[in-house]
Amino acid sequence: MALHFTTSYREDALAVFRQYKSLAEKAMAQVTDEQLQAALDGEMNSIAQTVKHMAGNMRSRWTDFLTSDGEKPDRQRDTEFTDPPSTRDALLALWEEGWNCLFRAIEPLSDQDLPGIVYIRGEAHSVLQAINRQIAHYAYHCGQIVFLAKHLNHAGWQSLSVPRGQSEAFNRRVQAGEASQR
């Protein structure tokens, strides 16, 4: 599918969020339930811990996005890195809850809302800045999920982007309107 051209920041931001959500989901689909819980060392988070953290962050940032601080008083960030859901179904339900908070907050916005002010930890951000902050944060963590999944399933990994040795063919498909990196 070709890239949908838009000049709407909101529309493009939603497309980017959906792109990273999809990448992480495709990566998680390639690992076993046990691998979702695996960490490479004591300082690294498992995929499940990363998902739990992202879901907690999304609930905090996007609930009452325009009217309350993005760091909710009841958020216990440190607990997001301990005791993640033990089953794939529970983990993916938590993942969906987080993303649903995000989409419910951003979908109703218009580009005229972007200069508005929101707060995160008491620090003023334009709506545009707050969205950009979270795009960067979630891209970072989705990249961690993909990296860890690829490492854990190296022998059976199915590429999520342009497979090695296929760049020219992919570029032809993009130019023909048949594909997009997104």
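**Exercise 1. The largest pocket**

Which helices each supply at least two residues of the lining of the largest pocket?

*Solution.* Keep in mind that this is a predicted model.

Step 1. Find the elements. They are helix 1 and helix 6 (167–175).

Step 2. The largest pocket holds about 370 Å³ of space.

Step 3. Sort the lining by type. Eight of its residues are nonpolar, seven are polar and five are charged.

**Exercise 2. Helix 1**

Take helix 1 and state its span, its buried residues and what they pack against.

*Solution.* 

Step 1. Start with the span. Helix 1 covers residues 9–28, which is 20 residues. From first C-alpha to last, helix 1 reaches 29 Å.

Step 2. In helix 1 they are Ala-13, Leu-14, Val-16, Phe-17, Gln-19, Lys-21, Ala-24, Ala-27 and Met-28.

Step 3. Name the partners. These buried residues pack against helix 2 (33–36), helix 3 (47–62), helix 4 (88–106) and helix 5 (127–152).

**Exercise 3. Helix 4**

Which residues of helix 4 are buried, and what covers them?

*Solution.* 

Step 1. Check the helix. Helix 4 has 19 residues and reaches 27 Å from its first C-alpha to its last. The expected value is also 27 Å.

Step 2. List the buried residues. They are Arg-88, Leu-91, Trp-95, Gly-98, Trp-99, Cys-101, Leu-102, Phe-103, Ala-105 and Ile-106.

Step 3. Look at the cover. It includes helix 1, helix 2, helix 3 and helix 5.

**Exercise 4. The largest nonpolar core**

Which residues touch the most other members of the largest nonpolar core?

*Solution.* 

Step 1. Pick them out of the 39 core residues: Phe-17, Trp-62 and Ile-131.

Step 2. Trace the sources. Helix 1, helix 3, helix 4, strand 1 (117–120) and helix 5 each supply at least two residues of this core. Helix 5 provides the largest share, ten residues.

Step 3. Follow Phe-17. Leaving out residues up to four places away in sequence, Phe-17 touches Trp-62, Trp-99, Leu-102, Phe-103, Ile-106, Ile-131, Gln-134, Ile-135 and Tyr-138.

**Exercise 5. The cavity**

How many cavities of 30 Å³ or more does a search of the whole structure find?

*Solution.* 

Step 1. Count. The search finds one.

Step 2. Give the volume. The largest cavity has about 50 Å³.

Step 3. Name the lining: Arg-61, Trp-62, Phe-65, Ser-68, Gly-70, Val-118, Tyr-119, Ile-120, Ala-130 and Gln-134. Helix 3, strand 1 and helix 5 are the elements that give two or more residues to this lining. Strand 1 gives the most, with three.

Step 4. Sort by type. Six lining residues are nonpolar, three are polar and one is charged.

**Exercise 6. Asp-83**

Is Asp-83 buried or exposed?

*Solution.* 

Step 1. Locate Asp-83. It sits in the loop between helix 3 and helix 4.

Step 2. Apply the cut-off. Exposed means over 50% relative accessible area. Asp-83 has 68% relative accessibility, so Asp-83 counts as exposed.

Step 3. Compare chain and space. Asp-83 and Gln-37 are 46 residues apart along the chain, and 9.7 Å separates their C-alpha atoms.

Methods: Residues numbered from 1 in each chain as written. Predicted model: local features only at pLDDT ≥ 70, side-chain atom pairs only at ≥ 80, totals over all residues. Heavy atoms only, no water. Helix = DSSP H or I, 4+ residues; strand = E, 2+ residues; numbered from the N terminus. Expected span 1.5 Å × (residues − 1). Buried < 20%, exposed > 50% of the residue type's maximum accessible area, 1.4 Å probe, protein only. Contact = heavy atoms within 4.5 Å. Core = buried A, V, L, I, M, F, W, Y, C linked by side-chain atoms within 4.5 Å. 1 Å grid on protein atoms, 1.4 Å probe; cavity = no way out; pocket = protein on both sides within 12 Å on 5 of 7 lines; lining within 4 Å. Points joined across faces, edges and corners; volume = space filled by probe spheres on them. Nonpolar A, V, L, I, M, F, W, Y, C, P; charged D, E, K, R; others polar.
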